[in-house]
Amino acid sequence: MRSILINGEVAYNASSQILNSDTFREILAELIRDSEEKKNSLLSLFEPFLKNTDTVDTSIKYDIEGIIELLLALTIDPIEKIDGSPYYSFPKMSNKKELLVRFVESLFSLWRNKHRFIVKRDEYTPNRFDRIFKQMVLVRTNTDLKGLVLSLYRQILINVSDVRLKILRQEPGGAQVGFIVDRPEVDERVRVDGADFLYDMACVWSIVFEPPVIFYTRSNKRQGLFKVYDKPVLRRLDISSGKDWFLFPIHVGSKLVFVVVNKEYLALAAGLGNLFELASFDIVKHKKPDGIYVLGFDNSFFEERGDFNGVIYREDDGTYVGVVGDDPTIDYFGYMKKMILTIHNLLVIDEGRLPIHGALAHIKLRNGKKANVMLIGDSGAGKSETLDALNRLSSEVSEVNILIDDMGSLDITSSGSVVAYGTETGAFVRLDDLQPGYAYSTMDRSIFMNPNEINARVIVPYSNYTEIIKPTKIDYFLYANNFDENTEDDLRIFSDPSEAAEVFSSGARMAKGTTSEKGLTYSYFANPFGAIQRRDKHEVIADRYLKAMIEAGVTVGEVRTRLGIPGFEMDGPLRAAKAMLKAIDEQD
């Protein structure tokens with residue numbers, strides 16, 4: 001049990017609500033099992049509560065209710081009084097005070113190490129004042145829960161320990177994330193055929209974060225490509241236990257995607273709140289989703305070994321459905337974000353437009369010159385790092401507004417201009433490659449994933465939906481080269497579309513450990529998220545767009561970030577940023 005769901009529809013005001021809950025019983029049993037496995041010192045505390053040695057079921061083997069009654073008693077009386085009272089029949093514990101303290105501390109730590117979510121069913125309202133009121137009610141409920149957990153923890157320690165609590169730490173004790181859910185009445189004309197399960201589960205219409213939000217997932221990198229099968233799948237998906245699943249309707253650019261997540265992966269789903277715009281129920285009720293994504297499906301469903309990493313199907317009506325299994329190796333936010341964006345890119349290719357794996361920024365210099373610069377590259381190419389380096393050049397740069405962080409799409413207007421559209425309102429970036437301290441300066445808004453490990457990630461909101469879906473004219477279209485050290489040219493410009501196509505289509509980069517790849521790798525058009533799965537279609541579209549950009553006066557080229565070269569992690573993106581600034585400053 002990693003994810004704990006807390007009822008947000010009740011008031012938390014009594015210790016017995018916590019100690020008598022099924023969740024607490026499960027946590028207590030887990031702690032006992034862990035003590036048995038490790039044979040640690042806590043085991044001697046549990047031995048007096050041993051009642052049945054003819055079973056391996058912890059809840060039967062030990063007197064769980066007796067331990068809970070002891071803890072309830074300790075919320076009222078000191079351990080000495082309990083031992084001397086004729087009204088209590090507990091084993092004598094006065095001589096095990098240190099173990100009791102360790103036991104209570106271990107319970108509290110185990111609770112805090114869980115992914116904790118408070119869920120409240122409440123009717124969706126389009127009125128913004130009513131929405132904020134309902135959100136604040138949930139915030140208050142979570143605050144009460146936090147206070148109750150902390151006071152319970154402290155009161156038991158006071159009644160056990162001779163040492164007074166000289167230092168009081170207001171540690172997180174409530175839920176990390178809150179979800180307000182409802183079940184919208186969807187217009188029959190836009191219901192998805194063969195997917196009744198979508199309308200039987202809780203649909204999230206608001207998310208409330210309690211910072212700092214830190215999750216520790218079981219995996220820290222993504223591997224492989226997402227296969228695409230041009231055949232329907234929805235009628236084969238059986239999600240009968242709706243209470244274990246949640247629906248997150250999100251906007252991915254102009255596309256509506258229904259994200260269906262098993263409760264054990266809610267930590268990943270929470271990240272959607274910092275990365276995409278939640279769709280209102282007004283949209284959900286009257287618009288059919290363009291894509292559907294399911295995370296946490298039973299691995300026995302998949303046809304081939306390894307397909308649990310993620311497979312995308314195409315329904316007969318053009319709807320794309322991504323399905324990911326239930327396995328420790330896919331417990332990484334990249335499996336959620338990248339497949340959702342792959343679905344978006346497949347839809348864009350079907351429309352004859354060009355999906356882009358890249359970042360777009362509006363850069364304004366202090367001298368008044370400005371440009372919209374798009375950087376193309378796969379994970380670890382140095383896109384985000386180069387844009388971050390621009391912000392450090394404050395003596396020359398007035399502002400850098402990120403319009404697209406990782407994925408977007410291009411379109412050609414009737415006048416021949418090439419414009420870009422974004423998909424995300426936030427960024428999912430490597431903690432190690434950011435300017436030291438940057439992510440922590442946004443701790444009150446960020447979601448941290450495995451901050452103690454290599455490839456630690458942070459999800460930071462940076463824009464709003466209205467801004468990212470506006471068409472933005474492109475001035476620079478640059479490939480982010482993170483591996484080329486042996487040249488003094490930081491910026492190379494192409495005048496021939498075929499020359500540009502050769503560089504962009506090769507998709508060369510030095511892998512940074514964000515996936516299972518190592519060394520110099522190649523990924524078609526630096527975009528394994530739709531482009532490579534539809535390469536024949538994509539090549540025709542890409543050639544047309546590169547030619548259109550050069551004809552329209554867009555500077556098409558290659559900027560060397562050198563991020564993949566040891567020792568250039570900071571200096572490489574900074575040199576790339578300076579080269580771009582020089583080009584912008586010298587433009588007519």
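**Notebook: a buried alanine, helix contacts and cores**

I began with A526, which is buried, with a relative accessible area of 0%. I keep in mind that this is a predicted model, and that each entry below is a reading of that model. A526 has a positive phi of about 55 degrees although it is not a glycine, and I found it in the loop between β25 (520–522) and α17.

I then turned to K39, where I also noted a positive phi of about 55 degrees at a residue that is not a glycine. K39 sits in the loop between α2 (22–38) and α3 (43–46). Is K39 buried or exposed? With a relative accessible area of 67%, K39 is exposed, whereas A526 is buried.

While on the subject of the backbone, I looked up the peptide bond that runs from P211 to P212, and I recorded it as cis, with omega near 0 degrees. P212 belongs to the loop between β4 (202–209) and β5 (213–215).

Next I followed α17 to one of its helix contacts. Helix α16 (residues 497–506) packs with helix α17 (residues 535–551) at an angle of about 130 degrees, and their axes are 9 Å apart. That angle makes α16 oblique to α17, and I noted the crossing of the two helices as right-handed. On the α16 side the contact is made by P497, A500, A501 and F504, and on the α17 side by D543, L546, K547 and I550. Sorted by class, this contact has six nonpolar residues, two charged ones and no polar ones.

I looked at a second pair of helices, α7 (residues 97–113) and α8, whose axes come within 9 Å and cross at roughly 170 degrees. Angles over 145 degrees count as roughly antiparallel, and α7 and α8 are therefore described in that way. From α7 the contact takes in K97, L100, V101, V104, E105, F108 and W111, while α8 brings V149, L150, Y153, I156, L157 and V160. I noted that the residues of this contact divide into 11 nonpolar, two charged and no polar.

The cores came next. How many residues does the largest nonpolar core have? I noted 83 residues for it, and those with the most contacts inside it are L28, F103, L198 and L237. Helix α8 (residues 128–160) gives the most to this core, with 10 residues. Another core lies apart from the largest one, with 50 residues, among them F179, V204, L272 and M407.

I also checked helix α13 (residues 383–392), in which eight of the 10 residues are buried, so the helix is largely enclosed by the rest of the structure. The buried residues in α13 are K383, S384, E385, T386, L387, D388, A389 and L390.

My last entry concerns M570, which is found in the loop between β26 (555–560) and α18 (571–586). M570 counts as partly exposed, at 32% relative accessibility. What separates the C-alpha atoms of M570 and L341? I noted a separation of 28 Å for these two residues, which are 229 residues apart along the chain.

Notes
Residues numbered from 1 in each chain as written. Predicted model: local features only at pLDDT ≥ 70, side-chain atom pairs only at ≥ 80, totals over all residues. Heavy atoms only, no water. Axes fitted to C-alpha atoms, helices over the stretch in contact; angles between N-to-C directions. Helix = DSSP H or I, 4+ residues; strand = E, 2+ residues; numbered from the N terminus. Parallel < 35°, antiparallel > 145°, perpendicular 65-115°, else oblique. Left-handed = near helix turned anticlockwise from the far one by under 90°. Contact = heavy atoms within 4.5 Å. Nonpolar A, V, L, I, M, F, W, Y, C, P; charged D, E, K, R; others polar. Core = buried A, V, L, I, M, F, W, Y, C linked by side-chain atoms within 4.5 Å. Buried < 20%, exposed > 50% of the residue type's maximum accessible area, 1.4 Å probe, protein only.
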